[in-house]
Amino acid sequence: MALLIGATMTAPFTARSEVEATPPPLSSATSQFIELRPLVEAPALKLERIDGKMIGLRSLRGKVVLLSFWATWCPPCRRELPLLERLQQILGPRDFEVVAVSVDREGKSAVTAFLERASVTRLHPFLDPNRSVGVTNTENGTSPFVLYGMPISYVIDRQGRPVGYITGEVDWTADEGLAFLRHYIADER
């Protein structure tokens, strides 16, 4: 009887810790979240914000980062960008940061005009017109952020390691998206 009780007590503990380590599912209409293994810290990349300020990706360590690549010519990206602005408001700046990177070749002029039309005023996008941060899978580069489709979002954990990505438009403000991101925010490792 003691063995049976011990076995019964051990099994739920093991299952619970495995569940806590696994993020909840996340999918878009066209894709699902793809985990990256092994976890490796992202290189020391510099990002140019639309106001001209340069931000080092490593300066965001300690926060969970949603690194989202988008473009003004991409209809799903245009629909997702206001959701990213709302997401930042919902999750706040203490433990989470949306880093929305435009890959428009026209740079600041195209992005500024789009932001005004879309009434996106609180999100401060970044610019990558030369695709030095987001690279296509046919380009050679040192960036780990490959643009397999548009939009594409990478989740970076508190230690600065890309944990995975998802292509396509995602409603990050829906229950599924929030639960997914809160899983990583709650992970203090």
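Mentor: Start with L66. Leaving out residues up to four places away in sequence, L66 touches L84, L87, F96, E97, V98, V99, S153, Y154, V155 and W172, where contact means heavy atoms within 4.5 Å. This is a predicted model, in which local features need pLDDT of at least 70 and side-chain atom pairs count only at pLDDT 80 or more, while totals for chains, interfaces and linings use all residues. Residues are numbered from 1 along each chain as its sequence is written, and side-chain values use heavy atoms, with hydrogens and water left out.

L66 lies in strand β4; helices (H or I, at least four residues) and strands (E, at least two) are DSSP runs, numbered from the N terminus. The relative accessible area of L66 is 0%, so L66 is buried. Buried means under 20% relative accessible area, exposed over 50%, and partly exposed in between, with a 1.4 Å probe and protein chains only. L66 and D157 are 91 residues apart along the chain, yet their C-alpha atoms are separated by 9.0 Å.

Next comes the core. The largest nonpolar core has 54 residues, and F69, L87, F145 and W172 touch the most other members. Such a core is a set of buried Ala, Val, Leu, Ile, Met, Phe, Trp, Tyr and Cys residues joined through side-chain atoms within 4.5 Å. Strand β4, residues 64-70, gives the most to this core, with 6 residues. As for F145, its contacts beyond four places in sequence include L67, F69, Y154 and P162.

E80 is buried but has no salt bridge, and R79, the nearest side chain of opposite charge, is 9.4 Å away. Here Lys and Arg count as positive and Asp and Glu as negative, with His and the chain ends not counted; a salt bridge is a side-chain nitrogen of Lys or Arg within 4 Å of a carboxyl oxygen of Asp or Glu. Beyond four places in sequence, E80 touches S68, P151, S153, G168, E169, V170 and W172.
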